[in-house]
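Trainee: I would like to go through the terms used for this model. Please start with the contacts.

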Amino acid sequence: MTKPLEGIKIIDFTHVQAGPACTQLLAWFGADVIKVERPGSGDVTRNQLRDIPDADALYFTMLNSNKKSLTLDTKKPEGKEILEKLVRESDVLVENFGPGALDRMGFSWERLNELNPKMIVASVKGFSDGHHYDDLKVYENVAQCAGGAASTTGFWDGPPTISAAALGDSNTGMHLAIGILTALIGRDKTGKGQKVAVSMQDSVLNLCRVKLRDQQRLERVGYLEEYPQYPHGEFSDVVPRGGNAGGGGQPGWVLKCKGWETDPNAYIYFTIQGHAWEPICRAIGKPEWIDDPAYKTAEARQPHIFDIFGTIETWLADKTKFEAVDILRKFDIPCAPVLTMKELANDPSLRASGTIVEVPHKKRGTYLTVGSPIKFSDLKPEVTASPLLGEHTDEVLASLGYSQQEIFNLREVKAV
Ligand code: COA
């Protein structure tokens, strides 16, 4: 099967998570992704949090599958020359260095555009160009704080809280992938490349859109009726942390199930969808609530929503999270068990769909990773192992016309 991005050549000048997540996705869909890494060390994640001595860490292998690895010291003249050759024949260059690093290396947007006017140059930075913090280096949690996620996550009586989901890193990479694909389609029409830039702050804020909605509602009416603070607590002039409250118009909460005393994940998420009130009452054995004026409408329920959740927890007390969901799904109630990483890793449905995949690796043996979360009718992305450091250096250099002797000489001066 021809993959949609076959024939698209990408110079992957990325490291850590935000950039690699983007290029990995494009590699799954068929792009020829050449990861350029510093000789001797490579992407810092190869060594970070190692679980097997002398083998690339999972942090690296899980973000760099389906790529080639070319070692290149792009600060040396020989390395620059090779990069220039690569730029001339590639479609996209993706980078997420600290601010100004690419310019200092001699590969500004203007220079890249001069070398290859058709090239798309895609960057991740912590803050957007011209932002008053645009000189800052940024990691995941920094971005979550800068993008509004931390101030709105957690409980109102605790500190701002970081999400375990990579809202700053992988999320930004996904935004960048959309930008690259858009620029590629644009190039088909204009014949020209362009610069695509995504900041981690902007990408986090994009996912916090509903909290900006809430800020404006709060300023207009002074309260947010779907937050636990309503109607008994106080609101200030900023969106508060809402614990596990539902973010939209449907109230929800994490509820205890059988075994919660010893199992920290014996919970379900339960949503009280307005029009599902009747089935909810039937499911939890409270048919008398269906027409009771104190329960009948969302407005009537809100002042005592936590008493309602308490009653549902009493109903859940003798049911595991899985048993509870099996009952509730029959009533069409939006809910799910709180799943652990262990449960997800072994989930037969996720294995069958290719969302959790086992990948054989030359040094590690087999490891688990998250495969493509995007499913197509005519493409089944196959996840292959991440490359060893410099595994494809000879192959890439040979394709650029370098002889064995020249490659040997480049190694001697540590340019590759
Ligand atoms: N050959 C020679 N030099 C190389 C090289 C190569 N193949 N690859 C990288 N380098 C150099 C860079 O040119 C840079 O040199 P300089 O600072 O002397 O100009 C140097 O390595 C360090 O790069 P930098 O990206 O600044 O690394 P860092 O470890 O100090 O910072 C981050 C890491 C992630 C904080 C920073 O890259 C950053 O803020 N990136 C943008 C936002 C981002 O993506 N954050 C991470 C999300 S997972």
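Mentor: A polar contact is a pair of N or O atoms within 3.5 Å; within protein, one must be able to donate a hydrogen and the other to accept it, and residues adjacent in sequence count only if both atoms are side-chain atoms. The model is predicted: local features need pLDDT of at least 70, side-chain atom pairs count only at pLDDT 80 or more, and totals for chains, interfaces and linings use all residues. Residues are numbered from 1 along each chain as its sequence is written, and side-chain values use heavy atoms, without hydrogens and water.

Trainee: Which atoms pair at Phe97?

Mentor: A polar backbone atom of Phe97 and a nitrogen atom of the ligand, 3.3 Å apart. The protein covers 84% of the 940 Å² of accessible area that the ligand has on its own (Shrake-Rupley method, 1.4 Å probe).

Trainee: How many residues surround the ligand, and of what kinds?

Mentor: There are 23, each with a heavy atom within 4 Å. Arg38, Lys75, Arg104, Lys137 and Val138 are the closest. The shell has nine nonpolar, six polar and eight charged residues. Asp, Glu, Lys and Arg count as charged, so Lys75 and Lys137 are charged.

Trainee: Into which domains is the chain divided?

Mentor: Domain 1 (9–206 + 346–413) and domain 2 (252–333), with bounds from an automatic or database domain assignment. Their C-alpha centres lie 43 Å apart.
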